[in-house]
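Visitor: I would like to go through this model with you, one topic at a time, with the criteria spelled out. Could we look at it together?

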Amino acid sequence: MLRIACLAAAAAVVEAAAARETMVYLYCMNETSCAERVDKAVAKAVNITHVVVGSHNCRMTDWKRQTQGGGEWCDYDQYLPQIQKLQKAGIKVMINAAGASNLASNPFYTGGNGMERLVALAKKTGAVGWAFDLESHKLTLDDYAGFLTKVGHALKPLGLKIQYTCARGFTPSMEYSTLLPLVDYVFDMGTYRGMPSRFDGAWALVPAGLEARYVPGSSTAKWTQDTAATFLAKYNAHAAQGLTTAGLFVLDTSTEDWWFAFLGQWLHGA
């Protein structure tokens, strides 16, 4: 019986380690830059489980302009070969939409066609879900909750995941008790500055049982290797409490190799 219990405990440790994830942002500015950045991600695929693919031509505020005259909103169709390259490397792809400043009156949100387009693009690209940059001081908690609820009704029945970004400057976005039950991930931009206290403050707000939905973000523009080492120790200390995913913003051709080592050390429990 003791041997069985030990084996079960060991299996549980392995399962917990396997559940770790990394979530990396990558922006497609044009086909050339997208290909270069995707190639870099593919070369480091052993340390990346998820890539959030973004485009400045996928903004909810552009819905009316892009769809006038029968056009289509959002341009991920043109990046499909690069998205498929990531997927062939074993990386799960989420696609990104931004532009939430006038969300309450935006026909993308108030009508039904926006949700239909989200579903159609996810299916066409094979994405596992959508990541939303909801960065606007105009948004109330009701705006956040209403939007994420409507998106959930469209995406969740299809098994598609939902992520949104949060930060201390957008106070309602930090209302985790209301918003985390509506999503699969929240990507915290408040940790970009590399201040451990920001992580501690955000972690304290995460409801019990939903710890795996919190993703602390790191910034290639602001973190150093010493910062990464400090946070890696903190992440490992919180793994037993349910932290599973480490985030990175943003991958480009200048991203140094030590970043991927940091992601790998978290992902593989080194």
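Visitor: How many of the eleven residues of helix 11 are buried?

Guide: This is a predicted model, in which local features need pLDDT of at least 70 and side-chain atom pairs count only at pLDDT 80 or more, while totals for chains, interfaces and linings use all residues. Residues are numbered from 1 along each chain as its sequence is written, and side-chain values use heavy atoms, with hydrogens and water left out. Helices (H or I, at least four residues) and strands (E, at least two) are DSSP runs numbered from the N terminus, and buried means under 20% relative accessible area, exposed over 50%, partly exposed in between, with a 1.4 Å probe and protein chains only. Helix 11 is largely enclosed by the rest of the structure, because the number of its eleven residues that are buried is eight.

Visitor: Which residues of helix 11 are buried, and which residue with a positive phi follows the helix?

Guide: The buried set includes Trp258, Trp259 and Trp266, together with Phe260 and Phe262. Leu263, Gly264 and Leu267 are buried in helix 11 as well. The helix is followed by a residue whose phi is positive, near 70 degrees, and that residue is Gly269.

Visitor: Against which elements do the buried residues of helix 10 pack?

Guide: Helix 10 covers residues 225–239 and reaches 21 Å from its first C-alpha to its last, close to the 21 Å expected at 1.5 Å a residue, where the expected span is 1.5 Å times one less than the number of residues. Its buried residues are Thr227, Ala228, Phe231, Leu232, Lys234, Tyr235 and His238. Counting contact as heavy atoms within 4.5 Å, these buried residues pack against helix 9 (196–203), strand 7 (214–219), strand 8 (245–251) and helix 11 (257–267).

Visitor: How many disulfides does a search of the whole structure find, and what is their pairing in sequence order?

Guide: The criterion is a pair of cysteine sulfur atoms within 2.5 Å. Cys28 and Cys34 meet this criterion with their sulfur atoms 2.1 Å apart, and Cys58 and Cys74 form a disulfide with their sulfur atoms 2.1 Å apart. The search finds two disulfides, and with the bonded cysteines numbered in sequence order the pairing is 1-2, 3-4.

Visitor: Why is the disulfide of Cys58 and Cys74 assigned its handedness?

Guide: Cys58 and Cys74 are both buried. The torsion about their S-S bond is about -105 degrees, so the disulfide is left-handed.
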